[in-house]
Amino acid sequence: MNQGTSYQIISDPEQVRQVLRRVDDFLPTNALTSVVPLSPAALRILSRSRFALPPVLASATGELHRTVRSVVAGFFTPAKVAAIGPRVRELTRKHAEAAAAELAHGPVDLAEAVGAHIPPVIMQELTGFQLPDPEVLKRWSRDSLELFWGWPDPQRQVELAETAAEFYIWLRAEVMASHGRDNLFGALHAAGLRTAEVCSLGYFLLIAGQETTALLIGTALYRALQDPGCWQALAAGGTGAPLVRRVLAEEPSVHTWRRAVPRDTVLDGTALPAGSEILLELAGHHPPDAGPTAYSLSFGYGLHRCLGARLAELETVLALEETARALPAIRLSGPEPDWLRLLSFQAPLSVTVEAAAPGRSNR
């Protein structure tokens with residue numbers, strides 16, 4: 001356990017599990033707060049849109065958390081996730097075939113051409129509410145990630161707050177229109193949640209439910225393409241599960257998470273005073289022989305384990321397999337991509353490929 005500049009950084013996987021198990025000693029109240037304090041100008045913009053994020057799911061505990069978790073879980077049951085597999089393959093083939101046509105004219109970014117299009121559609125079909133155009137949703141999602149988990153200066157905060165307000169205004173209208181409807185927002189209303197609470201859940205569910213999966217797909221595509229043998233094995237019908245689980249264990253799209261210490265406590269002999277903030281490192285610290293549990297922390301653990309874990313892994317595996325089968329003769333193109341590097345999120349910003357003769361190296 002190392003001392004960070006503003007967080008106690010916890011890297012040991014078993015200590016991470018302890019923190020996530022001890023829900024009374026380590027609270028999720030700081031999980032969704034901005035990493036840097038927002039400027040008065042940014043806060044005014046958010047206030048004008050009635051922006052509010054009361055604790056509901058990822059940042060809540062107690063009875064409200066259990067109620068909301070139960071409602072949301074009903075939309076992501078194992079049976080529903082398994083049944084969506086053919087749809088994921090269909091969508092991937094459609095977009096990969098479109099990318100193949102574009103390759104005749106030059107390099108293509110697979111993160112944009114394929115990965116960005118699948119999770120929003122699957123999220124929409126499972127939750128039952130209509131999402132905005134993918135380009136708009138991606139801009140809203142990326143800007144909100146930067147606003148809350150990045151280090152924007154005051155001028156950039158104003159730009160990001162404008163986007164977040166735009167996102168929230170659309171979301172609030174959708175939530176209010178969902179009363180009595182057979183979708184996720186309607187179910188949350190029926191469970192007794194206030195509009196602000198449904199909006200709070202929806203705001204980050206829409207980001208976590210599709211953008212982090214799109215980021216994970218991008219990383220998996222990039223790592224597979226770096227290994228020509230791996231890509232060819234996938235193209236020939238091999239499974240993508242081992243590579244995806246390795247990515248989840250070593251560099252998942254959500255690589256850290258936060259917790260707050262409400263009172264003096266001790267973790268494995270180390271005293272943690274009240275008011276401390278903890279940064280949990282969810283990946284990259286398991287021993288090589290850790291086995292199948294090594295990747296599980298990337299989705300959290302215990303009471304707050306991600307309800308979409310099974311879905312995100314399935315989407316990534318199937319998207320990887322179908323893309324390789326549709327595009328067997330491609331290789332990475334251009335320089336190493338820039339990466340999204342935020343406190344809790346990471347992924348290559350592009351996965352640019354070009355056509356290559358079969359048997360050529362990916363680089």
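Between which two helices is the loop that holds arginine 50? Arginine 50 is found in the loop between α2 (40–48) and α3 (62–73). Helices here are DSSP runs of H or I with at least four residues, strands are runs of E with at least two, and both are numbered from the N terminus.

Before going further, note that this is a predicted model, in which local features need pLDDT of at least 70, side-chain atom pairs count only at pLDDT 80 or more, and totals for chains, interfaces and linings use all residues. Residues are numbered from 1 along each chain as its sequence is written, and side-chain values use heavy atoms, with hydrogens and water left out.

**Two positive phi values**

Stay on arginine 50. Its phi is near 65 degrees, a positive value in a residue other than glycine. Most residues other than glycine have a negative phi. Arginine 50 counts as exposed because its relative accessibility is 56%; buried means under 20% relative accessible area, exposed over 50%, and partly exposed in between, with a 1.4 Å probe and protein chains only.

Next select aspartate 268, in the loop between β5 and β6 (270–272). Phi of aspartate 268 is near 50 degrees, again a positive value in a residue other than glycine. At 48% relative accessibility, aspartate 268 counts as partly exposed. Then select leucine 267, which belongs to strand β5 (residues 265–267). Leucine 267 has 0% relative accessibility and so counts as buried.

**Helix α5**

Select residues 85–103. This is helix α5, with 19 residues and a reach of 27 Å from its first C-alpha to its last, close to the 27 Å expected at 1.5 Å a residue. The expected span is 1.5 Å times one less than the number of residues. Colour Gly85, Val88, Leu91, Thr92, His95, Ala96, Ala99 and Leu103: these are the buried residues of α5. They lie on the same side of α5, because the arc they cover around the axis is only 125 degrees; the arc is that of the directions from the helix axis to the C-beta atoms. An α-helix has 3.6 residues a turn, so residues three or four places apart point the same way. On the other side of α5, Pro86, Lys94 and Glu97 are exposed.

**Helix α8**

Move to residues 134–149, helix α8, which has 16 residues and reaches 22 Å from first C-alpha to last, close to the 22 Å expected at 1.5 Å a residue. Buried residues of α8 include Leu137, Trp140, Leu145 and Phe148. Among the elements that cover the buried residues of α8 are α6 (110–115), α9 (154–177) and β4 (256–260).

Which residues does glutamate 146 touch, leaving aside those up to four places away in sequence? Glutamate 146 touches Trp151, Pro152, Arg156, Leu160 and Leu342, where contact means heavy atoms within 4.5 Å. Glutamate 146 lies in helix α8 and is partly exposed, with a relative accessible area of 21%. Glutamate 146 and leucine 342 are 196 residues apart in sequence and 7.0 Å apart in space, C-alpha to C-alpha.

**Aromatic cluster and core**

Show the rings of Phe51, Trp140, Phe148, Trp149, Phe167, Tyr168, Trp170, Tyr203, Phe204, Trp257 and Phe345, which form one aromatic cluster. Rings of Phe, Tyr and Trp (its six-membered ring) pair if their centres lie within 6.5 Å; planes under 30 degrees apart count as stacked, over 60 as edge-to-face and the rest as tilted. By this rule there are 18 aromatic pairs. One of them is tyrosine 168 with tyrosine 203, with centres 6.4 Å apart and planes at 55 degrees, so the pair is tilted. Tyrosine 168 lies in helix α9 and tyrosine 203 in helix α11, so the pair ties together parts 35 residues apart in sequence. Tyrosine 203 also pairs edge-to-face with phenylalanine 204, at 4.9 Å centre to centre and 85 degrees between the planes. Tyrosine 203 and phenylalanine 204 are buried.

Finish with the largest nonpolar core, of 112 residues, where Leu110, Trp149 and Tyr203 have the most contacts inside it. A nonpolar core is a set of buried Ala, Val, Leu, Ile, Met, Phe, Trp, Tyr and Cys residues joined through side-chain atoms within 4.5 Å. Helix α11 gives the most to this core, with 16 residues.
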